Amino acid sequence: MGDMMKKLILSCTLALLVFAAAPAAKAAIITDLVGDKDGFGLDSPIESGLHYLDYGIYWEDYRDPGEPVFTDNWYDGDKLWTHSYDISGITPASATLEIYIAGIADYVGWNANIRVNGVTVGTIIGVDGPHDLTNILSFNVPVYLLTGLDTVMIDVSDGNDAYTVDYSELSINPIPVPGAALLSCIGVGFVGWLRKRRILS
Ligand SMILES: [Ca+2]
Ligand SMILES: [Ca+2]
Ligand SMILES: [Ca+2]
């Protein structure tokens, strides 16, 4: 075993011990909610899988003052919004985007792509009616896309597709701190090893 490897193992073990001993070692899940969870702004909370028309009507704006235009508001076409959150000091392990929506992709050929920072993370394939079902959609977001200021777009293939969104929530699961410390330690060690082998100059 070379000296470099011994040093790497020693320093990574130390890093693990230090972080494992820290009381705040476990990182919390980060969530960012855009809009509010109030059943599309209607008085009755609506569960997923029900008919929107039993509770609200089409083309109606049910927003509270100051709410983003794409939520609790039934209208047609693409929708665009931003999730912002503090990503400093964490290493994301996985991320999920949850969107509660009613009335989208309700004809064959009317598909909708969900994009995060321009990259498609899911597609809703159009099926013929009913035209108003409520649906909680959940998409895995590749962690390389996360920046702390992420644009989400609902890109509908037919601009006449009208629908409403209750809320959008982005949840990020960080790698627990000891794991993140180990990863960065191995990364630093690997770069050192490459330099020593003159692979990197
Ligand atoms: Ca609301
Ligand atoms: Ca629709
Ligand atoms: Ca809402």
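Val 143 counts as partly exposed because 15 C-beta neighbours lie inside 10 Å; on this scale, a residue is buried if 20 or more other C-beta atoms lie within 10 Å of its own, exposed if 12 or fewer, and partly exposed in between, with the C-beta atoms placed from the backbone. The structure is a predicted model, in which local features need pLDDT of at least 70 and side-chain atom pairs count only at pLDDT 80 or more, whereas totals for chains, interfaces and linings use all residues. Residues are numbered from 1 along each chain as its sequence is written, while chains are lettered from A and ligands numbered from 1 in the order in which they are written.

Val 143 lies in the loop between strand E7 (134-140) and E8, where helices (H or I, at least four residues) and strands (E, at least two) are DSSP runs, numbered from the N terminus. Leaving aside neighbours within four places in sequence, Val 143 is in contact with Pro 92, Ala 93, Ser 94 and Ala 95, a contact being a pair of residues whose C-beta atoms, placed from the backbone, lie within 7 Å. The C-alpha atoms of Val 143 and Pro 174 are separated by 9.9 Å, although the two residues are 31 apart along the chain.

The chain as a whole comprises two helices and nine strands, and from the N terminus on its elements run α-β-β-β-β-β-β-β-β-β-α. Of its 201 residues, 23% count as buried. Among contacts between residues at least 6 apart in sequence, 75% join residues at least 24 apart.

The pairing of strands was examined next. Strands of a sheet pair through backbone hydrogen bonds, either parallel or antiparallel; here two strands are said to pair if DSSP finds at least two bridges between them. E4 and E9 pair in the antiparallel sense over 10 bridges, and the bridge partner of Leu 97 in E9 is Leu 170. E4 is also joined to E7 by seven bridges, again antiparallel, with Leu 137 in E7 as the bridge partner of Ile 99.

An open sheet of four strands, with antiparallel pairing, has the order E3-E8-E5-E6. Its edge strands are strand E3 (79-84) and strand E6 (119-124), each of which pairs on one side only. Within this sheet, E5 and E8 pair over five bridges in the antiparallel sense, and Asn 113 stands opposite Asp 155 in E8.

Not counting residues up to four places away in sequence, Ala 112 touches several residues, including Ile 104, Ile 124, Ile 154 and Val 156.

Some local backbone features remain to be described. Phe 40 is buried, with 28 other C-beta atoms within 10 Å, whereas Trp 59 is exposed, with 10 other C-beta atoms within 10 Å. The peptide bond from Gly 129 to Pro 130 is cis, with omega near -5 degrees, and Pro 130 lies in the loop between E6 and E7.

Note on methods: Contact = placed C-beta atoms within 7 Å.
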